[in-house]
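Subject: Structure handover

Hello,

Here is the structure I promised to pass on. Please open it alongside these notes.

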Amino acid sequence: MRRFLPVRLSLTPLLSKFLHFSDSDSAFNQMPPNRSKPDSNTPSNPKRSTFLYFSLLILFANASWAVYHLQSETLPLPISADQAGKRGFSEESALKHVQYLADLGPHSVGSDSLDLAVKYVHQIAESIKKTAHWEVDVQVDLFHSKTNANRLFTGLFKGKTLLYSDLKHVVLKIVPKYLPEAGENTVLVSSHIDTVFSGEGAGDCSSCIAVMLELARGISQWAHGFRSGVVFLFNTGEEEGLDGAHSFITQHPWSSSVKFAIDLEAMGIGGKSGIFQGGSAPWALETFASVAKHPTGQIVAQDLFLSGAIKSATDFQIYQQVANLPGLDFAYTDHTAVYHTKNDKIKLLKPGSLQHLGDNILAFLLHTCASSKLYEINENNENKLNNQPIDQNQGIYFDILGMYMVTYSQKLAKMLNNSVIFQSLLILVTSLSIGGKTGLTSFLISLTTIILTYIFSILFSTLIAFLLPLISYFPSPFISNPWLVIGLFGGPALLGALTGQHLGFGILERYLKKAGNGIPDLEAERWVFKSGFLQWLILLILGNWFRIGSAYLALVWIACPAFAYGLMEATLTPVRAPKKLKIVTLIVGLGPPVLASSGIVFQLLNTLIGTIVRLDRNPGGAPVWLGSVIVAVYISIVICLMFVQILSYIHLSSAKRALVFSVVAILALSLAAVSTGFIPAFNDDIARTLNVVHVVESKGKNQEPISYISLFSNTPGKLTKESETLKDEDFTCSRNSTVDFVTFSVNYGCLSYRNSKSGWSDSEIPVLEVEKDSRIDGRETVVLIDTKFSTRWVLAINKEQIDDFTFHVGNEELVSIGDKTEQDGWHIIQFAGGKNSPTKFKINLFWSDNSAKNNNNSSKENPLLLKLRTDVNKITPKVESVFSKFPKWCSEFGKSTSPYNLAFFASLPVDF
């Protein structure tokens, strides 16, 4: 059994001992007068040795790293086709699919390479149909989507309307041949074939497609014993705004049979693929936890993703918000720095990555489809079946070392949290009342110590973050070597935490001595140890109030130190003087919390470092030090949260000077390594993002268009070194080289006008033409849009001037009146489609009643009504020349809002 359900325990006795702030103080002060008060530095209480304290630190660090290694990096052995047999999952077979798709190079929507990728997947699906078990019915459909609008209103899609056309998907349906009702109750397994224009997509998401093809082959030999069917959706258009999933849900006839959705994604390449969304389906989490061979998933990732801290979206959003389906969302997150770059390549795919995901999904499908669970599911099934509010029925889940998974409901989590919070606060108030003025003052000084710890830790680490741009060409020189942050930020953060705690310890010791405590240093040590509990109690209260699933971590960090302290240290005997804290107290108290949190901490740190390469969404808009500061603050918070107890042991030891010297030495070596360039910030596998776009800007009728090459980076920092390698191309880099790409703005970049007149023609320039401008019963303007040869474009509508609009393709109205959100005063229409997509459109603009007033109040001299950018997937001679001189440690970065290498601009002013 791989699933553990927590049991509600009464922690009152342990918490009472842990939180009884006057226990040793009052007990000692009640000693008989003929007993002398021992001094902490007498031979009976010698200081802890430097060797002992460093051993504790090394033990703590190694244990944390071991947990991370087991939880995130230990993968199963790949299985060959012969070992897997007809019914098993073989990474060897799946890897062949990844290799073929990756060899096609980038295959974005509308490209010839995507057509080849779709053709390949379709051929494999047909072969699965031919080799299926004779009692299994396999249906294959090559689905072409119609032109449609995808309207989402949250996250990355606020202020946007997504349009798509001529998308091709391969849909594979597997059901038992002699059970017709199984075809009406199916599990959807989905991922996308298409990639961004800048990478071959071995990780995102050819690896997912390969896993699905191998799963489909195995399921086709099992499904004769199923009670429910499986639909495999190999879609296109995900990278352009989740268009493929939307077209399937809204247009394909098989979508009505889907009762549960599994989405496979990647924000990097390889490693363990874990659940990062799935709390809305507790029964699925429990099933996965009990049957998966290598259960992996963390609700911490779900909390971060849903909070918007991770700027991304997956098809799972469509399945939840449009189709109202429960489900599970899986993602690869290793090597996240290569996401959407040229380095998303098969050589970085770790052996065992496909086997890990394939084994887990296969086990889940076999169990779920053989059961009657899907027959019980309809819209909002969990809430109706259990008659509980949605937030009470959310699932809490986390894995332990990637071997076991714990799952329980939000309702049970709230009960546990409330119980611990109530008991803690009750005992805290009671203890402070008993301790009187001395206890209350000591408590307040302990809180001050925690605050000082955070202040100095963040201050020291961020000072290094601000220093890095001054001594290194790259503001974040640790991206390709993440271990550098240990010396650059971990050391200063630890030193700052020690400084803050040292100051607080000194204040507390002096106060206790003044208050008449004969051994104030021993009492101060205990207060500092227990102050770690207070910060986690605050986090537990906040997490419980906002129903944050990750609050289970705070629960573990409260309960375990309380247990250890209550068992090893606390006493109610009035004749026992306090002693130094035992080493075993620290080991027992921190063991389970380290097991529960270390893997998550390191995984989040790796992800955080990797995202710096694409941090600057508007190039030049973010401070160059921002990425380093974010990492520094994260490390400081982690150290303050996890090291408070172990640091409390240093004050009665001889290790302070040695620790300070060691930290300073490691910091100096790290700074020397990055300032001299001895350890490079980027390499052939981890690249800095650098995009090159040939821009042709139309200035209106009878005016010569302007053309130039724009060079910009989403990685914070200047482009001096990059432009030096391109000096023959005459690039000028400055903050005056700004370009408005409609979906984002380049605030700092490089421009070159040399040889920019070739590689394009006037016939490719898009046209915005006013067909009608009526002012009867309100102003209405009809604008005709001709994108020429482009089937990928974005149009921005000025919402300060335009109240609403409708959008048409031929006689069909794609976007009707109402529900138009905005972002920074603009509404964006984003279109992506295949080769046969329409290129002529009509938009009806309904002006705001205050449009004239808004125009007068506009800060711009000639405000625009419409801004249009069309993208053409073509490399001009000038761009090809730039690419030939590109540094190897640079790569283009692609996303749904990024332009291709050739982009055309057109606009319509407000006063047309």
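Where does Asp730 have its place? Asp730 sits in the loop between helix H22 (720-725) and S16. Helices here are DSSP runs of H or I with at least four residues, strands are DSSP runs of E with at least two, and both are numbered from the N terminus. Phi of Asp730 is near 60 degrees, a positive value in a residue other than glycine. Asp730 counts as partly exposed because its relative accessibility is 44%. The scale is this: buried is under 20% relative accessible area, exposed is over 50%, and partly exposed lies in between (1.4 Å probe, protein chains only).

Some ground rules. This is a predicted model, in which local features need pLDDT of at least 70 and side-chain atom pairs count only at pLDDT 80 or more, while totals for chains, interfaces and linings use all residues. Residues are numbered from 1 along each chain as its sequence is written, and side-chain values use heavy atoms, with hydrogens and water left out.

**Overall**

The chain holds 24 helices and 29 strands. A compact globule of 912 residues would have a radius of gyration near 29 Å, and the chain, at 31 Å, agrees with that. The radius is taken over C-alpha atoms, and the globule rule is 2.2 Å times the number of residues to the power 0.38. The C-alpha trace spans about 105 × 70 × 60 Å along its principal axes. Of the 912 residues, 59% are buried. The chain exposes about 35600 Å², with carbon and sulfur atoms supplying 58% of it. Those areas come from the Shrake-Rupley method with a 1.4 Å probe; for residues, only the protein chains shown count as cover.

Contact means heavy atoms within 4.5 Å. Take the contacts between residues at least 6 apart in sequence: 81% of them join residues at least 24 apart.

**The ten-strand sheet**

An open sheet of 10 strands runs in the order S3-S4-S25-S22-S27-S29-S14-S15-S19-S16, with mixed pairing. Two strands pair if DSSP finds at least two bridges between them. The edges are strand S3 (148-150) and strand S16 (732-734), each pairing on one side only. Neighbouring strands of this sheet are turned by 25 degrees against each other on average, direction ignored. Axes are lines fitted to C-alpha atoms, for helices over the stretch in contact; angles run from 0 to 180 degrees between N-to-C directions.

Inside the sheet, strand S27 (864-872) and strand S29 (902-909) pair antiparallel over eight bridges. Leu864 stands opposite Pro909 in S29.

Helix H8 (243-251) touches S3, strand S4 (160-165) and strand S25 (826-833), and its direction makes about 75 degrees with that of S4. Helix H24 (877-884) touches strand S14 (691-697), strand S15 (706-712) and strand S19 (749-752), and its direction makes about 160 degrees with that of S14.

Ser247 lies in H8. Ser247 is buried, at 0% relative accessibility. Leaving aside neighbours within four places in sequence, Ser247 is in contact with Phe143, Ser145, Tyr164, His169 and His252.

**The five-strand sheet**

A second open sheet has the order S20-S21-S26-S23-S24, with antiparallel pairing. Strand S20 (767-774) and strand S24 (812-815) each have a single partner strand, so one side of each is left without a neighbour in the sheet. S20 and strand S21 (780-786) run antiparallel and are joined by seven bridges. Ser774 stands opposite Glu780 in S21.

**Cores**

The largest nonpolar core has 187 residues, of which Phe232 and Phe489 touch the most other members. Such a core is a set of buried Ala, Val, Leu, Ile, Met, Phe, Trp, Tyr and Cys residues joined through side-chain atoms within 4.5 Å. Beyond its neighbours within four places in sequence, Phe232 has contacts including Val170, Leu172, Met212 and Ile219. A second, separate core of 26 residues includes Leu795, Ile802, Leu814 and Val815.

**Backbone points to check by eye**

- A cis peptide bond joins Asp204 and Cys205, with omega about -5 degrees. Cys205 is in helix H7 (202-219).
- Asn755 has phi near 55 degrees, again positive in a residue other than glycine. Asn755 is in the loop between S19 and S20 and is exposed, with a relative accessible area of 52%.

Best wishes
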